[in-house]
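Subject: Structure handover

Hello,

The structure we discussed is below, with sequence and coordinates together. My notes on it follow directly after.

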Amino acid sequence: MGPAAWNSHYSYEGLLALATMTNQPKNGLIVIAGGGGFIGGALVRYFQERGFTRIRAIDKKPLPEWYQHVPGVESLCLDLSDRESCVQACEGAWEVYNLAADMGGMGFIERFRIECLRSVLINTHLIEAAYRAGAECYFYSSSACAYNTELQKDPKVRALKESDAYPAMAERGYGWEKLFSEMVCEEYWAERGMKTFIARFHNVYGPFGTWAGGREKAPAAMCRKAIEARDSGSNKIVIWGDGTATRSFMYIDDCVKGIDMITHCEDLIARPINLGSSELVSINQLVDIVESIAGMKLHREYDPKAPRGVAGRNSDNTMIQSILHWEPRTPLRDGMAKTYAWIAQQYADRKAGRRTVS
Ligand code: NAD
C-alpha cells in the first residue's frame, strides 16, 4: 500500500504506526542537526522513545549546554556551517532532519539579521552532504516568517495558506533565509530526486525551550516575566508593543509528531506545508492565560519601542488536514500550564545555583 492510500484511510495513530513500519527501519541512522536545541532535542527524544536505535544528534553548542541529554544517542559538537562537518554528520545517514539555525524570538531576529541569513550555510552544506551520503530523505524546518509580510498587517488576519509565500516579501533576514532554503530543498527533489520535506513552523513553545537570555519567544518570556514579578513582589509585566498583535502557538509535542508525519508522507515531497496551531490569540490574551495559570493579576506596562514583528499571523490548516487528517491540537491553556510549571522550576533552580537550560 502506498502512502497516498494510507493518507485517506487512517487516523493519526494509524498513520504514524504505518509510517514507522513501512518506511523507517528501526536501525536506520537518523541524523538530527540542531539536536542540542529546543525542537531538535525534543525530536531526538521522540524518535528514541519510538524505538529507533541509531540516532546521531549534532549541535555547535558544547555538550554541557545542550537542552536535553538523551542516553544512548550519539551526540556530536560540530559547526554545521562548515562543509566538512556536514559530511561527517551525514556519514551513513538514513534520514536527515535539519533543525539547526541561528535564531530566536523577535528580539533576536530583528536585531541579528546577518546571523539569521548565515544559517543558509548550514542548509546548503547539510543537504548536499545528505545527498552524497545517499540519505533516503531530508527534512527542513522552515518558518511562518517566510510568508509575505504584506499579508500580516492587521491583527485580524486571514490565516496564511501555503500559497501565500509568493509573490515573496518575507521577513527581513530570517524569513528570506527560510524561503531560499525551502527552494534549495525543492530543487534537490526536482533535479536530483532526493526526497525533501519542508514544514513552516508557527511559533513553537513548551518545556526545554529557551526561556531567558534574549532568544526566548513570547510564551516563555511571558511565563518568566510573571514568575519574576511574583518573586520580586512588583506584580508588573512589560509587554512588547501594545498587546494587540495576534499569533498562534504550537505545543512542542504537536511539532515533533507533525515533523514525523510530514517526513513520511509521499504526497508532501518538496511541498512546503504549515505546521502550526490555528488557535489565534492576541498577546494580551496570552498574558490573560499566564495570569490564570499563575493565579495572579499583573500590572501591564506596554513598550511601543520594543520589537514586535508583524501585526497578525495565523496558520491555515486546510492543507495539513486534507493530506494528513490531523493538525496540532494541544489547547494553548494546557500547553502553557506545562510550560509555566517547567519555567518556574528552571527559575528556582537558577536561583539555587543549579544548572538550567538558558
Ligand atoms: P534553537 O535555537 O533552540 O535550536 C537551534 C539549534 O541550532 C541551537 O541549539 C543552535 O546551537 C544550533 N545551531 C545553530 N547554528 C549551528 C551551526 N552552525 N552548527 C550546528 N548547530 C547550530 O531553536 P528551535 O526553536 O529549536 O528551532 C529549530 C528550527 O526550527 C530552526 O530552524 C528554526 O528556525 C525553526 N523554527 C522554530 C520556531 C520556534 O518557534 N521555535 C518557529 C519557526 C521555525
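Helix α7 is followed by G134, which has a positive phi, near 75°. This and everything below refers to a predicted model. The helix itself covers residues 120-132. Its 13 residues reach 19 Å from the first C-alpha to the last, close to the 18 Å expected at 1.5 Å a residue. The buried residues in α7 are I122, N123, L126, I127, E128, A129 and A130.

Buried in α11 are I283, N284, L286, V287, I289, V290, E291 and A294. What do the buried residues of α11 pack against? Their partners are the helices α9 (218-232) and α13 (332-351), together with the strands β8 (236-240), β12 (280-282) and β13 (299-303).

- N284 lies in α11. Its relative accessible area is 19%, and buried means under 20%, so N284 counts as buried. Leaving aside neighbours within four places in sequence, N284 is in contact with I239, D242, G243, T244, R300 and Y302.
- A218 lies in α9. With 27% relative accessibility, A218 counts as partly exposed. Beyond its neighbours within four places in sequence, A218 is in contact with F249, I283 and L286. A218 and L286 are 68 residues apart along the chain, and their C-alpha atoms are separated by 8.7 Å.
- Y347 lies in α13. Y347 is buried, at a relative accessible area of 17%. With neighbours within four places in sequence left aside, Y347 is in contact with W211, I227, E228 and D231. Y347 and A212 are 135 residues apart in sequence, and 9.6 Å apart in space from C-alpha to C-alpha.

Next, the backbone geometry. Most residues other than glycine have a negative phi, and most peptide bonds are trans. The following places depart from that.

- F208 is not a glycine, yet has a positive phi of about 70°. F208 lies in the loop between β7 (204-205) and α9, and at 31% relative accessibility F208 counts as partly exposed.
- N235, also not a glycine, has a positive phi of about 55°. N235 is found in the loop between α9 and β8, and N235 is partly exposed, with a relative accessible area of 31%.
- The peptide bond from Y166 to P167 is cis, with omega near 0°. P167 has its place in the loop between β5 and α8.

Last, the ligand. Which residues are closest to the ligand? Of the 27 residues that surround the ligand, the closest are I39, D59, D79, Y174 and V204. By type, the shell around the ligand divides into 12 nonpolar, eight polar and seven charged residues.

The following atom pairs between protein and ligand may be of use to you:

| Residue | Protein atom | Ligand atom | Distance |
|---|---|---|---|
| D59 | polar side-chain atom | oxygen | 2.6 Å |
| I39 | backbone N or O atom | oxygen | 2.8 Å |
| K61 | polar side-chain atom | oxygen | 3.1 Å |

How much of the ligand does the protein bury? Taken alone, the ligand exposes 820 Å², and the protein buries 94% of that. The elements that give two or more residues to the shell around the ligand are α3 (38-49), β5 (137-143) and α8 (174-192). The largest share of that shell comes from β5, with three residues.

Regards

Definitions and conventions
Residues numbered from 1 in each chain as written. Predicted model: local features only at pLDDT ≥ 70, side-chain atom pairs only at ≥ 80, totals over all residues. Heavy atoms only, no water. Near = heavy atom within 4 Å. Polar contact = N/O pair within 3.5 Å; in protein donor to acceptor, adjacent residues only side chain to side chain. Areas by Shrake-Rupley, 256 points an atom, 1.4 Å probe, with all protein chains shown as cover. Helix = DSSP H or I, 4+ residues; strand = E, 2+ residues; numbered from the N terminus. Nonpolar A, V, L, I, M, F, W, Y, C, P; charged D, E, K, R; others polar. Buried < 20%, exposed > 50% of the residue type's maximum accessible area, 1.4 Å probe, protein only. Contact = heavy atoms within 4.5 Å. Expected span 1.5 Å × (residues − 1).
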